[in-house]
Amino acid sequence: MSFKEKIKGMGGNASYEAKARALREQLEAKIPAGLKLPSAILEDPPLDITRIPETCGLLTVQELAITELDATAVCQKIAAGELTAVEAVTAFGKRAAIAHQLTACLMDFFLDEGIKQAQQLDEYFQKEGKVIGPLHGLPISVKSHYPLKGTVGCGGFLVNMETSTEDCDMTSILRSLGAVFYVKTNQPQSVMHLESKSSYGRVLNPHNTNLTAGGSSGGESALVAMKGSCMGIGTDGGGSIRCPSAHCGIYGIRPSSRTTPTHGGLWYQHGQDGVFASTGPMCRSARDMRLFLEAVLGANPSLRDPDALPIPLKVPDLTQKKLRVGIMMHDGVVMPHPPTIRALNLVKAKLEASSEVEVVDYIPYDHDRGYSLIRELYYEDGGATVRRILEESGEDMHPLTEWVISPPHVKNHDAAQIWKLRDQRDDYRREYSDHWWSQNVDVVVCPPFQGTASPHDTTKYWSYTAIWNLLDYPGAVFPTGLIADSTVDIYQESPSPMSAADEYNISLYDAAIFEGAPVSLQTVSRRFNDGLVLAAQDVIERILQS
């Protein structure tokens, strides 16, 4: 498949195609001519495109150095007067423009507006000698369905595209903390795929463009991996922060739901609350996750969002206690691919050799039933709303949209059936809570996906992340430092499927296809133990890298 075909977006009828083409042309017109990549690069780029921003000659040495920084370092340097907000947003904005041409990661680009924001912050710093807030001058990228005044936003379909007139709660809070906005990022049709393909294009994985960047926050993961952003906002109702972060080898945390603000997001099933989505950071380092959560929760979002819970972030001191870590090698339904098994074996061996932690084997509890429940909860109208939107707009239905709204998991419910479904959900949560306590673990380390990033249009199993959404357990994803290696990541013997889903997953595996893909893991704990997840992840990653 040619690169042009690979990156191509959703299709539809003539009316849809005309509107989609106009939106793409508007975005392309916002990319300065001086940041356009040569056609020779775009016609046939390598599978690993991560080095192109460094070698294309469009960024200065200083800009390249700035875009190597994580968000914490950017904030520290700005607060120390060693870097200006204008310099920071200019560097990341220029690199974002390059990244988009290679990955289709953006839906809107407004660097000029970002520079104006940054100039005002620099003037304040020069006059007052201090920063306006903990994120002063930090360039932050924003997922498309979170409104940002004056920019393009989308609730998952071309028909609900808008130019937002106001900030949502999250972007308003970030703005008050000193953040600078410069891009909005791509997401999939319906915002309910663990891949990302929209009217604007298919988001490609920078490490291997034959693989997906994940979803639904795939624009964010690709952009952060390309270093066109050091901090992005993602949302997660089934894995949409953790899956793309894992696929692209970056960090991301799904906080416990309703701790971070979600009010004002663009959506098409308002009032559907069988599962609460969560908002969190996608970033370049573990400390950036903490930076984001401390800043946002420190702004007391529950004072403006009545659905937000006033729960502060408490990060425990684990030097005073021996951490008990459960290792979950698989969920009893789908066995992860060889690269992920290799990473799990490595982290288990490293942790067992450490005096800081106690390691046990974690036994999953009926994950197949839990996954079936959350699939049914996502579309309690049987997918009727999605089908109606697509029919009215003339937008083609993506195969993964068809999959996620189709029986046997999805069906229409009357009120009594919805009550029964919620009751089944609550019963499962209680049973799982009892099971967790019986395992006597503080945190669980497990796969964030049944392998590394998958080939395009093939992601049909979400349970390694979605099960924790059903339970509302926070989870953080981190890169192990390993990459898929076709010389070692092979089945030693023919695998025996545990389920139909496992048989499908086995059929996808060809070691050569996944070459170079980052291998990531996930740390999970009980509801509202977000601080413990961050603290444990730090310990686990440090031991792993030792």
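The lining of the second largest pocket has 7 nonpolar, 5 polar and 8 charged residues. This pocket belongs to a predicted model, and it holds about 600 Å³ of space. Its lining is made up of 20 residues, and those closest to the centre are Lys 4, Ile 7, Lys 8, Arg 24 and Glu 28.

The largest pocket comes next, with a volume of about 820 Å³. It is lined by 39 residues, and Thr 262, Trp 267, Gln 272, Val 275 and Ala 277 lie nearest its centre. Strands take part here: E8 (231-236) and E10 (278-283) each supply at least two residues of the lining. Sorted by class, the lining of the largest pocket has 14 nonpolar, 19 polar and 6 charged residues.

From the pockets we turn to the cavities. A search of the whole structure finds 4 cavities of 30 Å³ or more. In the largest cavity there is about 80 Å³ of space. It is lined by 15 residues, and Phe 449, Gln 450, Ser 454, Asn 505 and Leu 508 are the closest to its centre. The classes in this lining are 6 nonpolar, 8 polar and 1 charged.

The second largest cavity has a volume of about 50 Å³. Its lining draws on separate parts of the numbering, including Met 107, Cys 154, Phe 157, Gln 187, Ser 198 and Glu 395. By class, the lining of this second cavity has 6 nonpolar, 5 polar and 1 charged residues.

Helix packing can be followed at one pair. Helix H6 (residues 71-79) and helix H12 (residues 286-298) pack at an angle of about 65 degrees, and their axes are 8 Å apart. On the H6 side, Ala 71, Thr 72, Ala 73, Cys 75 and Gln 76 take part, and they meet Arg 287, Asp 288 and Leu 291 in H12. By class, this contact has 4 nonpolar, 2 polar and 2 charged residues.

Helix H12 also contains Gly 298. Is Gly 298 buried or exposed? Gly 298 has a relative accessibility of 52%, and exposed means over 50%, so Gly 298 counts as exposed. Between Gly 298 and Pro 312 the separation is 14 residues in sequence, and their C-alpha atoms are 7.4 Å apart in space.

Terms used:
Residues numbered from 1 in each chain as written. Predicted model: local features only at pLDDT ≥ 70, side-chain atom pairs only at ≥ 80, totals over all residues. Heavy atoms only, no water. Axes fitted to C-alpha atoms, helices over the stretch in contact; angles between N-to-C directions. Helix = DSSP H or I, 4+ residues; strand = E, 2+ residues; numbered from the N terminus. Contact = heavy atoms within 4.5 Å. Nonpolar A, V, L, I, M, F, W, Y, C, P; charged D, E, K, R; others polar. 1 Å grid on protein atoms, 1.4 Å probe; cavity = no way out; pocket = protein on both sides within 12 Å on 5 of 7 lines; lining within 4 Å. Points joined across faces, edges and corners; volume = space filled by probe spheres on them. Buried < 20%, exposed > 50% of the residue type's maximum accessible area, 1.4 Å probe, protein only.
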